[in-house]
Amino acid sequence: AVEEGESLEQAGAREVLEETGPTVPVDMMRLVCLWESVYPTSCEGCVQAGQVKGHNIIVFASVSLPRDQRRNLRLQKLECDQCAWIPWESLLAMYSGTGPSTIKSFPIPGFQVCPTSSDDEEESDHQQLAALIPADIDSQQLRGIYPNAVGEGLGRGILFSISVVVGLLTVCA
């Protein structure tokens with residue numbers, strides 16, 4: 001969330017620190033797009049629930065992670081269990097509009113949360129960052145809207161922001 005008095009770029013840099021560990025310079029944050037998110041996602045779902053349960057404006061930003069900050073990479077245990085830095089060429093290949101049936105599965109070097117053996121960890125602590133271990137992520141996990149054919153996928157807003165980043169969609173300012 002954007003805190004009172006914060007710019008969107010300041011909020012983005014703070015969220016990167018809180019959710020993944022690295023410190024990124026605020027002046028390197030670049031706004032990509034905005035996405036309106038409503039839950040439930042359909043009129044029928046809202047009628048069934050009796051109300052809109054959530055309504056957010058999500059800000060997508062891009063930033064290059066300084067090399068010296070990569071060693072600080074962690075993930076909030078309660079929100080994520082895997083992450084990957086996807087090379088530009090791979091991102092273009094995955095989202096170039098050639099269609100999922102023509103894209104072969106390939107491994108993307110990534111990370112997963114390191115399993116812990118401690119039973120006394122506070123499970124509800126959203127500030128708790130977990131160490132990561134290297135792990136390949138199958139490109140098919142990152143294709144399509146959740147849930148896709150392999151039970152994974154991305155949210156529509158994330159797919160929209162990727163299409164903006166790779167230049168498949170023109171957004172008017």
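This is a predicted model: local features need pLDDT of at least 70, side-chain atom pairs count only at pLDDT 80 or more; totals for chains, interfaces and linings use all residues.
I started with contact range: residues 24 or more positions apart make up 60% of the protein's contacts with a separation of 6 or more.

Next I looked up the elements. I get four helices and seven strands, and from the N terminus they run α-β-α-β-β-β-α-β-β-β-α.

Then I went to the strand pairing, with β5 (residues 107-113) as my way in. Strand β4 (residues 82-84) runs antiparallel to β5, and three bridges join the two.

On to the inside. Which residues make up the largest nonpolar core? I count ten: Leu91, Met94, Tyr95, Ile108, Ile137, Leu142, Leu154, Leu159, Ile162 and Val166. Helices α3 (88-94) and α4 (156-165) each put at least two residues into this core. I checked Ile162 by itself: leaving out residues up to four places away in sequence, Ile162 touches Leu91, Tyr95 and Leu154. Apart from this core I found another one, of six residues, including Cys83, Val113, Ala130 and Leu132.

Last, the surface. Of the 173 residues, 28% count as buried. The protein exposes about 11500 Å², and carbon and sulfur atoms supply 55% of that area.

Methods:
Residues are numbered from 1 along each chain as its sequence is written. Side-chain values use heavy atoms; hydrogens and water are left out. A nonpolar core is a set of buried Ala, Val, Leu, Ile, Met, Phe, Trp, Tyr and Cys residues joined through side-chain atoms within 4.5 Å. Buried means under 20% relative accessible area, exposed over 50%, partly exposed in between (1.4 Å probe, protein chains only). Contact means heavy atoms within 4.5 Å. Accessible areas come from the Shrake-Rupley method with a 1.4 Å probe; for residues, only the protein chains shown count as cover. Two strands pair if DSSP finds at least two bridges between them.
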